[in-house]
Each structure stands twice: as structure tokens, then as C-alpha cells.
Amino acid sequence: MDAPPVRRWLVEAAGRIDAALGPARVARVVLPPLVDDPGKEGEFCAVQLDDGSVGIAFVLLGRTLENLRRARPEAGRRAVELARGYSSDDLAARTLGLATINALVRRLCERAGFLPEDSIDSFGSLALRRGDRLGMVGQFTTLIGKARALGVPVIVLELRSELVREEPGLLVTLDAGRLAGCNKIVSTSTLLLNDTFEQVSEFWRGADAVAIVGPSAGCPPDPLFAAGVSAIGTAWVTEPESFLARLGAGKKWEGTSRKVTLTPRSYPGLPALLLPRAKLAEPPVRHDAAQGDAVRPVQRD
């Protein structure tokens, strides 16, 4: 079965990055401990390239972590080969593929001198106010509390039927179509792994703000912005050695990474970053995921 368009685009982007910068190899793959109740610190794996760049991906979909621990991924492979796994039906290969793509993007940004902005908050600067209707893909408990305190109704899209419920100001549903009535939407970056991106993005086209947040969202955001996303919040590793040691031990990442935000206005676009000397002062251009054409970023107030 063919991979969905966004996955195909990101794999192709990884190849373009590798061709522009020269072949990178995987230095190591770091997995969190396999425990019953891992907490946030045990939810992600990391791939480090031979130049030190690190990419992260969510590792708890299905039996991904168990399968990766059994496979024991080896260092030394070409990064672009591991990145191609993102187009696979196998979740373990897909997860390592996304982490590798994210590491290649970090390598590219370092070469280009591009530094994302620090995050103002953890939810893509949604700036909730009375009168909004908030949609969520995945549950963000803290944000649900803030929204309900403001009188903002919340609709949460879930994949597990046992989580479905309805109470005043909150609806948890399996129906992605219910997001169409929301003017602000926040999603976990897990939708880049579980093949729900294309389905869900059809229902946020008219929203005022759409944020995707999570460490897995370190990929080139061009196709996400083209699909209507207005902000991406992700993790930027600042102390690779300490970060990988903490991740491997299931400890908090404190002091080893920072939260950053990318928007269509602040991101120059993959074509600009790929230039021998990225001209980041020029107006940002991004790539349309479906057509492959260069398009100007969506301007959002």
C-alpha cells in the first residue's frame, strides 16, 4: 500500500537534504526504558547522526518500542536509508524514519544558520478567548482546563472508543467531522505517525489557528503549512549528549532541549534552506505538498 502524501513528501525531502549536504550516517539510536507506566519522558526515541544532530519521534504506538528493542537498530547505516522507513507500513520502521528525517532537518538548519523562535507557550500561541470553539486531536489536559475556565467549548478527537464521553463544555468523539465547527485546533504530532493527518486536516481548513505540537514535529513543515497549519511547536535539542543520556534512562529532559515554534512567517521554506548559502533574509517560500509548486505562506492574523 502506498504511503499517504505527507509521508511521501517528507521521505523525498530527506533525500533532497542528504543530496545537498552530503551523505550522513546514523551514529546511534537511543530508546527509552521499557516500563509499564513510562510517563512523558519514556514516550520518545532519538536518532543521532554522525555530525551530532538529533531527531526525536514518539515510540509508544502499538508495540513499536518492544519491536525496536528486539530489532536493536545498528549504527553506521546511511541516514537516508533509515529515513525511507517512514514510508513503510511497519510502525517501528516508520518511527525511526521520522526521527531520522527530524535529525536531517536539524543538520540542515545548523548548516543554514536557521534558529527557530522560542515557544511563547506549549500550544502554538492559540490565544484562546471567549467565543472560541477549541478542537483537539488527542487530549491536552492542561489546555482543556484553561479553555473550560474561559467558557470555551472543547471537542476532542480520539481513536479509542472507551474514551468517548460528553459533559458540559466537553465532547470526546471518534468523529473527525466534529472539528469542522472549531475555529482553533491543536493536535499532537502523533498524527504524523498514525496516518490520520490527511483525514483530520480536511476538517480544519476554515479554522483561524491550527497548531501541531510535540517532539515528533521536527520535520520540514512545508506540507503541514500547505495543509492549513499555522504553528508548529516542537523540541530543539541543545545538549545532545546529556539529552540522549536522559532519554535513554527515562529521565526528564530539563536543560537539554528547548521548546520552539515555527510559523509560515518565520520559516524560510525547504528550498531556501537547501541553497548552498541559505538566503534567509528573502521572503519565505514553502513547497506545496500536493503539487510540488512553490507557494507563499498563508498569512494569518
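1. Partly exposed residues are those between the buried cut-off, under 20% relative accessible area, and the exposed cut-off, over 50%. A127 has a relative accessible area of 46%, so A127 is partly exposed. Keep these cut-offs in mind for the points below. Note too that this is a predicted model.

2. Overall make-up comes next. The protein chain holds 9 helices and 14 strands. Of its 301 residues, 52% count as buried. The accessible surface comes to about 13,600 Å². Carbon and sulfur atoms account for 49% of that surface. Among contacts between residues at least 6 apart in sequence, 61% join residues at least 24 apart.

3. Now the interior. Nonpolar side chains tend to be buried together in soluble globular proteins. Here the largest nonpolar core has 79 residues. Which members touch the most others? They are I101, L192, F197, W204, L224 and F243. Helix α4 gives the most to this core, with 11 residues.

4. F243 deserves a look of its own. Leaving out residues up to four places away in sequence, F243 touches A46, V54, I56, V237, W253, T256 and S257. A second core is separate and has 17 residues. Its members include L126, V152, A209 and V213.

5. Helix packing: α2 spans residues 64-71 and α4 spans residues 91-112. How do these two helices pack? Their angle is about 85 degrees, and their axes are 9 Å apart. An angle of 65 to 115 degrees counts as roughly perpendicular. The two helices, α2 and α4, are therefore roughly perpendicular to each other. On the α2 side, the contact uses T64, N67 and L68. On the α4 side, it uses L91, A92, T95 and L96. By class, this contact has 4 nonpolar, 3 polar and no charged residues.

6. The loop between β4 (117-118) and β5 (134-137) holds L126. Is L126 buried or exposed? Its relative accessible area is 4%, so L126 is buried. L126 is also one of the members of the second core. The C-alpha atoms of L126 and V210 are separated by 7.8 Å, yet the two residues are 84 apart along the chain.

7. A127 sits in the loop between β4 and β5 as well. Its phi is positive, about 50 degrees, although A127 is not a glycine. Most residues other than glycine have a negative phi. This backbone angle is a point to inspect in the viewer.

8. Phi of D195 is near 60 degrees, a positive value in a residue other than glycine. At 30% relative accessible area, D195 is partly exposed. T196 lies in the loop between β9 and α6 too. T196 has a relative accessible area of 10%, so T196 is buried. Leaving out residues up to four places away in sequence, T196 touches L159 and L191.

9. Two residues of the loop between β1 (26-30) and β2 (44-49) come next; one of them is K40. K40 is partly exposed, with a relative accessible area of 48%. K40 and G250 are 210 residues apart along the chain, and their C-alpha atoms are separated by 8.8 Å. P33 also has its place in the loop between β1 and β2. P33 counts as partly exposed at 24% relative accessibility. Which residues does P33 touch? Not counting residues up to four places away in sequence, they are L65, R69, L247, G248, A249 and G250.

10. Last, P23. Its place is in the loop between α1 (5-21) and β1. P23 has a relative accessible area of 58%, so P23 is exposed. Not counting residues up to four places away in sequence, P23 touches D18, R78 and R107. P23 and A79 are 56 residues apart along the chain, and their C-alpha atoms are separated by 7.5 Å.

Terms used. Residues numbered from 1 in each chain as written. Predicted model: local features only at pLDDT ≥ 70, side-chain atom pairs only at ≥ 80, totals over all residues. Heavy atoms only, no water. Axes fitted to C-alpha atoms, helices over the stretch in contact; angles between N-to-C directions. Helix = DSSP H or I, 4+ residues; strand = E, 2+ residues; numbered from the N terminus. Parallel < 35°, antiparallel > 145°, perpendicular 65-115°, else oblique. Contact = heavy atoms within 4.5 Å. Nonpolar A, V, L, I, M, F, W, Y, C, P; charged D, E, K, R; others polar. Core = buried A, V, L, I, M, F, W, Y, C linked by side-chain atoms within 4.5 Å. Buried < 20%, exposed > 50% of the residue type's maximum accessible area, 1.4 Å probe, protein only. Areas by Shrake-Rupley, 256 points an atom, 1.4 Å probe, with all protein chains shown as cover.
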